[in-house]
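Please examine the sequence and the three-dimensional structure shown below. The report that follows is meant to be read alongside them.

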There are 2 protein chains.
Amino acid sequence: MKIYIIGPGLIGGSFALDLQDKFKEAVIYGIDSVEKHLDQALELGVIHQKAVLEEVKNADFVIVAVPVDVALELLPKVLDLISDQALVIETGSTKNPICEALANHPKRRNFMATHPIAGTEFSGPSAAIQGLFDGKTNIICEVEKTTFKLQEKAMQFFKDLGMRIRYMEPKSHDKHIAYVSHLSHISSFMLGKTVIEKEKHERDIFDMAGSGFESTVRLAKSSPAMWTPIFQQNKKQVVKSLDEYILNLQQFKNLLENDDYDAIFNEMESVNRIKEILNGMKK
Amino acid sequence: MKIYIIGPGLIGGSFALDLQDKFKEAVIYGIDSVEKHLDQALELGVIHQKAVLEEVKNADFVIVAVPVDVALELLPKVLDLISDQALVIETGSTKNPICEALANHPKRRNFMATHPIAGTEFSGPSAAIQGLFDGKTNIICEVEKTTFKLQEKAMQFFKDLGMRIRYMEPKSHDKHIAYVSHLSHISSFMLGKTVIEKEKHERDIFDMAGSGFESTVRLAKSSPAMWTPIFQQNKKQVVKSLDEYILNLQQFKNLLENDDYDAIFNEMESVNRIKEILNGMKK
């Protein structure tokens, strides 16, 4: 079996490591626009061989894990090149633009739009982790547009990796993910910015930061090259979620300015049920 | 040695566990307004015996780890009761109000105002962790107002626990901590609120949440009883930090609405240096 990973970084590289483990006979090829990344992926054993885009014509299975703007440009070309039997999976954090872009492609039935809810704040081949997807959710959009045989192949693969499958419409995916993922990244980046701006004028502030701050700004380490096109492609929903978040912050500030500490207590107490929700995530 | 822990919860209980380890001969007494917490602390072995406030007259060492509004009320009484040789340490997240409240107390020299930068989002005796303070920063305010002999005793204790000491003015502490701790909690609570509000109308949203969301809303599990008086006591600085945070979020939203993706990329890239800052925290 010949497997091509386009973008063997955090997500693509982690798939590569799991594929090596599950399919001992498979040859894993890596494709990346940055030669240095490819060399690193090879050196780390994430991929077996380096390849170029045209070679995907030999692929049984292609995983595309690149920034979502690059995916929009690259996937039509990949589908043009592949054989009729090949399965192409894309893994980006927005799903509507890519589904729309490929809607009328003659090889649409070879394609599966997915979003594995897994990752860390790191990127590149060195961020790849074997077992990253175990117990995680994979959201699959427009599953009915993938040919049945390739659906089956993909499902077996995700099942082997220990993933839970959820089916969603692309628009619905993009709307919800704005709240539970994209907004978190912005809140974290802007929290980091607010504190860094302060630090310019004030020394020693970071000696005072504890694990709570660290947890809240963790996502501010994320890759701008990955996240800028996500915000661009999901602009409408992200702006909406930001509006609601800003409004909630302003209301909290108003309660504080009006010394309404009973209301502040109640606000926090009602959000405390996030505990149960987060525990539910782990089941 | 007789040690009294007023509030044997996350912070007080963790001190109790370390004290048991370092001072094998010490008897650890617990005092709490909630009888149930005290029973739990005893059952978990966090304290050796239950006690009532009046008994602190027998104490060599008192640790007060209660919500900051309770501390304001309780500490003058504790200082009234203790012997001339006793050391009283308070551990809350605001320092100016307590330092002002005790400035003219006849036993001010027996008191040390501290803020150990350690903790988790959990609370109560079951949240106590042995070794919680190892490698953590302890901020001490107005150290010169504590009598030299008791300073020495306290420093040896914190050193035994593996803590780094930083000295600060109470006002300066409260100003900085608004950014690196209090603001993080509000950003997290309001993120949780924004997502929970959405979930009322939309199913399945939490199946889509990953570890990034979990990290960013972790602090929204925190205790409202602990945090409401912190926000109250540090109102001015917290409102200021919230203003700056909201402004940064609005500016980010404006960039998005104006499709200025170069600026969005640059914003995120410049905040990425939080990586080095967070790494610096660990040294």
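The structure is a predicted model.

In chain A, eight strands make up an open sheet with mixed pairing, and their order is 3-2-1-4-5-6-7-8. The edges are held by strand 3 (49-50) and strand 8 (164-168) of chain A; each has a single partner strand, so one side of each has no neighbour in the sheet. Chain B likewise contains an open sheet of eight strands in the order 3-2-1-4-5-6-7-8, again with mixed pairing. There, strand 3 and strand 8 (164-168) of chain B stand at the edges, and because each has a single partner strand, one side of each is left without a neighbour in the sheet.

Within chain A, strand 2 (residues 27-31) runs parallel to strand 3, and two bridges join them. G30(A) has K50(A) as its bridge partner in strand 3 of chain A.

One of the residues involved is I5(B), whose bridge partner in strand 2 of chain B is G30(B).

Y29(B) is opposite Q49(B) in strand 3 of chain B. The path from strand 2 to strand 3 of chain B leads through helix 2 (residues 35-43) of chain B, and this β-α-β crossover is right-handed. In strand 3 of chain B, K50(B) stands opposite G30(B).

**Helix 3 of chain A**

Helix 3 (residues 68-81) of chain A has 14 residues, which should span 20 Å at 1.5 Å a residue; its end C-alpha atoms are 20 Å apart, so the two values agree. The helix has a kink of about 35° at L74(A), shortly before the proline P76(A).

Which residues of helix 3 of chain A are buried? They are V68(A), A71(A), L74(A), L75(A), V78(A) and L79(A). An α-helix has 3.6 residues a turn, so residues three or four places apart point the same way. Among the elements that cover the buried residues of helix 3 are strand 1 (2-6), strand 4 (61-64) and helix 8 (224-233) of chain A.

**A loop residue with positive phi**

| Residue | Loop between |
|---|---|
| E142(A) | strand 7 (137-141) and helix 5 (148-160) of chain A |
| E142(B) | strand 7 (137-141) and helix 5 (148-160) of chain B |

E142(A) is not a glycine, yet its phi is positive, at about 50°. With 12% relative accessibility, E142(A) counts as buried. Phi of E142(B), also a residue other than glycine, is positive and near 50°. E142(B) counts as buried at 12% relative accessibility.

**The contact between the chains**

Chain A contributes 88 residues to the contact, and chain B contributes 88 residues. Between them the chains bury about 8,900 Å², of which 68% is on carbon and sulfur atoms. In chain A, the residues that lose the most area to chain B are V180(A), M208(A) and M268(A), together 8% of what that side buries.

Definitions and conventions:
Residues numbered from 1 in each chain as written. Chains lettered and ligands numbered in written order. Predicted model: local features only at pLDDT ≥ 70, side-chain atom pairs only at ≥ 80, totals over all residues. Heavy atoms only, no water. Pairing = 2+ DSSP bridges. Helix = DSSP H or I, 4+ residues; strand = E, 2+ residues; numbered from the N terminus. Right-handed = clockwise from strand over helix to strand, strands pointing away. Expected span 1.5 Å × (residues − 1). Bend = angle between axes of the 7 residues up to and from the residue. Buried < 20%, exposed > 50% of the residue type's maximum accessible area, 1.4 Å probe, protein only. Contact = heavy atoms within 4.5 Å. Buried area = accessible area lost by both parts, 1.4 Å probe.
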